Amino acid sequence: MGRVQLFEVRLNHGRVVYSPGEPLVGAVRVRLAAPLPFRAIRVTCTGSCRVSNKANDSAWVVEESYFNSALSLADKGSLPAGEHSFPFQFLLPATAPTSFEGPFGKIVHQVRATIDTPRFSKDHQCSRVFYILSPLNLNSIPDIEQPNVASTTKKFSYKLVKTGSVVLTASTDLRGYVVGQVLRLQADIENQSGKDTSPVVASLLQKVSYKARRWIYDVRTIAEVEGAGVKAWRRAQWQEQVLVPALPQSALPGCSLIHVDYYLQVSLKQPEAVVTLPVFIGNIAVNHVPLSPRPGPGLVVPSAPPQEEAEAVASGPHFFSDPVSLSTKSHSQQQQLHAALGSVPHGAPEPRPQDGSPAPHPLPPPLCISTGATVPYFAEGSGGPVPTSSTLILPPEYSSWGYPYGEWGPGAWWGGSAPGPMQTWLSPCRGPTVL
């Protein structure tokens, strides 16, 4: 087995998640079968971000360092056979960003120990990765308590000569959520035409931006709900809930190479209509909880119905001003949502061991460092889509709509430029689409 039987880094109490500004305490343990001469025993604590141009590639093209501290645990000498322990302590910077791992980059924090041996002898190294969670307080985001409402009107033609329009309005009860919270969605649809609409789909989307030699945007569907369509000359209201799963926090403050955004997109395929609501994911919930869900702006019934409406009235179905309630056809979170609604509410006391003994350490906020499997698209230049691999199982998909584009215009979603000839986006059912 060799002279060195054990060489490892251990963190006190087996901790793996830390907060910025906390001390990181541990020890380097060595077990030797025979004496080992050495020149120095050192330990370093580092935090950095690395970004690549290719998925799951270790050839980093851009790096950013957050801290790099080193300690000398022992000077030149010889370690006798047996077990040895060298304690260490580092103070983590208050500005350290949250750990993150995606197909095109990662924010990694680790402790590395090295035994420098004399010339012509093999050096020994070991490392231990730990995670930093810098809590994002949603209350620090400007206008987080303002209504989250978006609306669009889509005019279209059908049966060659007929025209109509659909008014789609979507709203959520809050603009920011924490893991485990339920996002309450309300969609109001007014079908001012003689043609039924396609089913309405709501998708919670994650967009991760990587700053390499060019901006790379990685988009995936986190959860998706599909509701029924709206009959001709009808108004309808659809209310649904989406459970916020364990997700990396929005923005990743402190890191300039990786940025995370979330959106709730509500869409119709026929006629094509999309509204997009920005959503923030944090670790400290919004203090203000509305007394009731914020409805969208009132829908106005036209005082002078168009000619095609008069024809529809004469031929059979009447136009109802009172909205009907739409049913939900499918939900990618059905089982998880039911379980969450029956679980301990957010903010309840932390669970303790069944024997009544106190928990050894406070439970840290939920930490998610992975984004799962995605297909990227590029903001500039050429290059085909590159699928990524991950062990994370994605929820089932029900649609192949586009991604947030909506009311901010192409500049906000495509990183400041219109899509190029080879840009792609993720089509959940059919794979990547190349423009």
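**From one threonine outwards**

Tutor: T169 sits in strand β13, which covers residues 162-172. The model is predicted. Is T169 buried or exposed? The cut-off for buried is under 20% relative accessible area. T169 has 1%, so it counts as buried. Its side chain makes a polar contact with the side chain of S151, at 2.9 Å.

Now the sheet around it. β13 belongs to an open sheet of five strands, in the order β12-β13-β15-β18-β21. The pairing there is mixed. β12 and β21 (324-325) are the edge strands. Each has a single partner, so one side of each lacks a neighbour in the sheet. β13 itself pairs with β15 (residues 182-192). These two strands run antiparallel, over eight bridges.

Next, the loops. D143 is in the loop between β11 (124-132) and β12 (148-158). Its phi is near 60°, which is positive in a residue other than glycine. W233 has a positive phi too, about 55°, and it is not a glycine either. W233 lies in the loop between β17 (215-227) and β18 (235-243). Why note this? Most residues other than glycine have a negative phi. D143 has a relative accessible area of 53%, so it is exposed. W233 has 3%, so it is buried.

One peptide bond also needs a look. From Q270 to P271 the bond is cis, with omega near -5°. Most peptide bonds are trans. P271 is placed in the loop between β19 and β20 (273-282).

That leads to the packing. The largest nonpolar core has 81 residues. The residues with the most contacts inside it are L24, V28, F88, F130, I258 and V266. Strand β19 (residues 258-268) gives the most to this core: six residues. A second core of six residues is separate, and includes L138, I141, I144 and V178.

Leaving aside residues up to four places away in sequence, F88 touches V9, R10, L11, L24, V25, G26, A27, V28, V43, L71, L73 and V111.

Three strands in this part of the sequence make another open sheet, ordered β1-β3-β8 and antiparallel. β1 (4-11) and β8 (82-91) are its edges. Each has a single partner strand, so one side of each has no neighbour in the sheet. From one strand to the next, the twist averages 15°. β1 and β3 (residues 23-32) pair over seven bridges. L11 has G26 as its bridge partner in β3.

Now to β10 (residues 105-116). Of its twelve residues, ten are buried, so the strand is mostly covered. What are its partners?

- β5 (residues 40-51) joins β10 through twelve bridges, antiparallel. The bridge partner of R42 in β10 is T114.
- β9 (residues 100-102) joins β10 through three bridges, also antiparallel. F100 stands opposite I107. A hairpin through two residues connects β9 to β10.
- β11 pairs with β10 in the antiparallel sense, over seven bridges. Q110 stands opposite V129, and I115 opposite H124.

β11 has a further pairing. β2 (residues 17-18) lies parallel to β11, over two bridges. Here V17 has Y131 as its bridge partner.

The mean pLDDT of the protein is 78, and 70% of its residues reach 70 or more. Over residues 291-306 the pLDDT is below 50. The model still has 31 contacts for that stretch beyond near neighbours in sequence. Residues 308-316 also stay under 50, with eleven contacts beyond four places in sequence. Where pLDDT is low, the predicted coordinates should not be read in detail.

Terms used
Residues numbered from 1 in each chain as written. Predicted model: local features only at pLDDT ≥ 70, side-chain atom pairs only at ≥ 80, totals over all residues. Heavy atoms only, no water. Core = buried A, V, L, I, M, F, W, Y, C linked by side-chain atoms within 4.5 Å. Buried < 20%, exposed > 50% of the residue type's maximum accessible area, 1.4 Å probe, protein only. Helix = DSSP H or I, 4+ residues; strand = E, 2+ residues; numbered from the N terminus. Contact = heavy atoms within 4.5 Å. Pairing = 2+ DSSP bridges. Axes fitted to C-alpha atoms, helices over the stretch in contact; angles between N-to-C directions. Polar contact = N/O pair within 3.5 Å; in protein donor to acceptor, adjacent residues only side chain to side chain. pLDDT = per-residue confidence, 0-100.
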